[in-house]
Amino acid sequence: MKKILLKGNEAIALAALKGGVDAFFGYPITPQNEVPEYLSKYMKDAGKVFLQAESEVAAINMVYGASASGKRVLTSSSSPGIALKQEGITYLAGAELPCVIINVMRAGPGLGGIQPSQADYYQITRGGGNGDYHVLAYAPENLQETVNIIKASFDKADYYRNPVMIAVDGLIGQMMESVDLDSDIELKMIEKPWAASGKNGGNKRIITSLYLDPYELERHNLHLQEKYTEMKNNEQQVELINIDNAEFVIVAYGTMARICRSAILMLKEEGIHVGIIRPISIWPFPTKAFTTIDARLKGYLVCEMSHGQMIDDINLSVNGRKPVEFFGRAGGVIPEPIEVVDAIKKMKESLI
Amino acid sequence: MNDIIYQKTKGLTNQAMSYCPGCTHGIIHKLVAEVLEEMNLLNHTVGIASVGCSVMSYYYFDCDMIQASHGRACAVATGVKRTHPNNIVFTYQGDGDLASIGIAETIHAANRGENITVIFINNGIYGMTGGQMAPTTLLGKKTTTSPYGRNIEDHGMPIKIAEMFATIPKVAYLERLSVGTPQKVKKAKKSIEKAIRYQQEGKGFTMLEFLSTCPVNWGLTPIEAIKYAEKEMTEYYPLGVFKDVDQDA
Amino acid sequence: MAIGGLMAKGKVTFDYAYCKGCNLCVEYCPVHILELDTYKTNEKGYNIVNVIEPDKCIGCAFCALMCPDSVITVKRVKS
C-alpha cells in the first residue's frame, strides 16, 4: 500500500505487469519510448516476453498472435503509430481477441509534433479501422487513475474478448506523481478454451475474422453488437465535478480536464459557478451524465486539445437542449487555465 | 489381404479444398499435414494461415489455426512462438503475402531467428485476386497488371527469396523445392520433416520455398503448368539447399 | 500414410467426391493405366478417372502422391 514517485510511462509499464501481462510487443515512438524501455528490463526480469518489433504494424500482429494463443498482451504507441495499427485492431476486434493498447497521444495530422494532443478521439472512438467495431477506451487524467485502469483492462479485455485502449498524452506520460501500484482491483484470470495453442487431443480451434457467407457474417456482427451494447450499459465511467447548480458545465478529459479544474477555481473567485463533466471512458461515451439537465444550466463548454472531436458526442447527448460551445488548442499547444476562464466569460456574454 | 501403401493423411480434415484443379497447393498441404501427423505433432501445432488462395487453409489442416492479415503471418507466428515456445508453429504463405506486403515481417522474423517454419508457395502470380503481377513473376510474363509482360525498367527483376534469405545468419535451414514429379514430392516431404525437426531442436528460422503452379491464371492446363514450373521457373529459381546450419558448420 | 511404393501389385481406389479431373494422376502413372472418363462426372461436374487395366498396377502410388486432393488410396495386393 505504499506510494512511490513514478514517471507516467514507468507507471504504465509497472501497471501492466500488475495486470498480469504475459507479453509486450512495441516500437519506439516519442513520447512513449520509456514504456518499451522499462518493459524491456521489467519483462525480462519477470521471465515474460518482450520484443521490440520492426514496426507498429508488426507489433500489433505479434499482439494478435499472442492473444489468439491465449496470452495477456500489451502494446503501446503514439498517434501516428496507432494509425498504423488500425488494421491489426480491426482484425483483433473481428476475431474477438483481447489485448490492451496504450496510446500516448501527440499532435497530428501526419507526423505532426511530439507535444500532447487529444486529436485522436475520432481515431479511437469512430473506428480507425474498417467495419462495425469498437474498442473499449479510457482517458485517465492522473497516474493513479491510469494505473488502476490499466490493471483492470486486462480482465475487461478477456471478459469481452475485445481490444481495450488507454489514451493518455505526452504530458501524462512524462509527468511524475506518487502512485500506489497495489491499490484497487484483484485480477480475474479466466480460462480461454477458444485459444489456438495446440488442440491437445480435443477439437481444433480456428481464430479468424473471415466469414465469406454474408448471413454468417451478419450473425457474427450481431453478436459483436451485443457485446458493444453490454459495454454501453455497463462500462460508462465519468467524474462529475461541482455540477450541482452550475451555471456552465465544462466537458473535458485527460490533461485538459486538469487544466479546467484550475480554471473553475479561478472562475469561482469571480463568482461564476462552473462544473466539469469528465469522461473517464471515452468509448462508451458517458451519455448517462447528460440525461438529466438542470434547468438553470446555461450551456456546455467542450474543451479539447484538438479542433473539436469529442464535441460531436456532447452534441449527440445534449441533442439541442442547451447551447454547446467549443474551446480548444491544437498542434501540441497546452492551453493555460486563464484561456478556459476567458472562454467561459465569452460564452456567458454571448448568451445574454 | 490388402496393405495400405498410400492413403489420405489424418493431418487433413474432410473439408474439400477450394483450390483449382491440379493446383500444387493441394500437394504441398498434403505433405505438411503428413509430416505433422507422422511426427505426432498435430496436437501441439499452431498453423498461421495467410491471405491468398490459401486464405482458408485453416479449414484444411487438422490442427489449431490462426488467420493472419495479409503479409503479417510471420509477425503473428512470432507472437505465438515467443509465448508458446513448445508449440510447433508454421506459416503458409504465397508470394504476395511473403514477398510483397509481408517482406518486412518475413525478413525480421528470419533475422531474429524465430523458431518457426515458413512454407513459402511461389507461383509468381497473385492467384486469388485474379492473376496480377507478383514480386516473383518472371520477366516477360504477361499478367493482368503487366499486360505487356514484366520488364526490368518498370518492375525490376523477380525477387529471389531463397538467395536473399540465405544471407541472414539465423536462418537455420532454407531450401527451394519443386513438387513437379513424384520423386520430387517424396523429397519435399523429407525436407519438410527436416525443417520441423530443426524447429523442434531450436535451431532457428526454417523456410521452404516451393515452386508452385497457377493453371488458371497462367492460362495452362495443370500438366502444362507443372511443366512451366519445372522448366522456365526452375531456370530462374534454381532448386537446392541454400542454407543448412548442420551441413555448413 | 504414404509409405512409398514397393514394386508389388497394387490396387487403387478413388474417393470421387473430391476429384477435380485435373489429370495429374493420368499423366504420372508410369504404366498408363488411368484415363479420364469423357462422359461420367461426379456431383461437382468433374470428369472422374477410370482404371483401364487394373491388373497392370504396380502399386508405385505415383498417382496418389501427385493427387492434390488426396482422392486416391493405394493398397498392396498379395498374391
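The talk below goes from the core to the domains and then to the chain contacts.

Guide: This is a predicted model, where local features need pLDDT of at least 70, side-chain atom pairs count only at pLDDT 80 or more, and totals for chains, interfaces and linings use all residues. Residues are numbered from 1 along each chain as its sequence is written, while chains are lettered from A and ligands numbered from 1 in the order in which they are written.

Visitor: What makes a set of residues a nonpolar core?

Guide: The members must be buried Ala, Val, Leu, Ile, Met, Phe, Trp, Tyr or Cys, joined through C-beta atoms within 7 Å. Buried means 20 or more other C-beta atoms within 10 Å of the residue's own; 12 or fewer means exposed, in between is partly exposed, and C-beta atoms are placed from the backbone. The largest such core here has 211 residues. A:C260 and C:C63 touch the most other members. Helix α3 (residues 56–68) of chain A gives the most to this core, nine residues.

Visitor: Why is this core said to lie between domain 1 and domain 2 of chain A?

Guide: Both domain 1 (4–234) and domain 2 (238–350) of chain A give residues to the core, so it lies between them. The bounds come from an automatic or database domain assignment.

Visitor: Which residues are in contact with A:C260, leaving aside its neighbours within four places in sequence?

Guide: They are A:I250, A:A252, A:I276, A:C303 and A:V340. Contact means that two C-beta atoms, placed from the backbone, lie within 7 Å.

Visitor: How far apart are the C-alpha centres of the two domains of chain A?

Guide: They lie 28 Å apart. The contact takes 27 residues from domain 1 and 22 residues from domain 2 of chain A. On the domain 1 side, α5 (121–125) of chain A gives the largest share, four residues. That side divides into 17 nonpolar, six polar and four charged residues. Nonpolar covers Ala, Val, Leu, Ile, Met, Phe, Trp, Tyr, Cys and Pro; charged covers Asp, Glu, Lys and Arg; the others, Gly among them, are polar.

Visitor: What makes β9 of chain A and β3(B) a pair?

Guide: Two strands pair if DSSP finds at least two bridges between them. Strand β9 (residues 206–207) of chain A and β3(B) have two bridges, in the parallel sense. The bridge partner of A:I206 in β3(B) is B:M65.

Visitor: Which element gives the largest share of the side of chain B that touches chain A?

Guide: The contact takes 28 residues from chain B and 34 residues from chain A. On the chain B side, α2(B) gives the largest share, eight residues. That side divides into 12 nonpolar, 11 polar and five charged residues.

Visitor: How many helices and strands are there in chain C?

Guide: Chain C has two helices and four strands, in the pattern β-α-β-β-α-β along the sequence. These are DSSP runs, numbered from the N terminus: helices are H or I, at least four residues, and strands are E, at least two. Of the 79 residues of chain C, 41% count as buried.

Visitor: What does chain C bring to its contact with chain B?

Guide: 31 residues of chain C are in contact with 28 residues of chain B. β4(C) gives the largest share of the chain C side, five residues. That side divides into 16 nonpolar, eight polar and seven charged residues.
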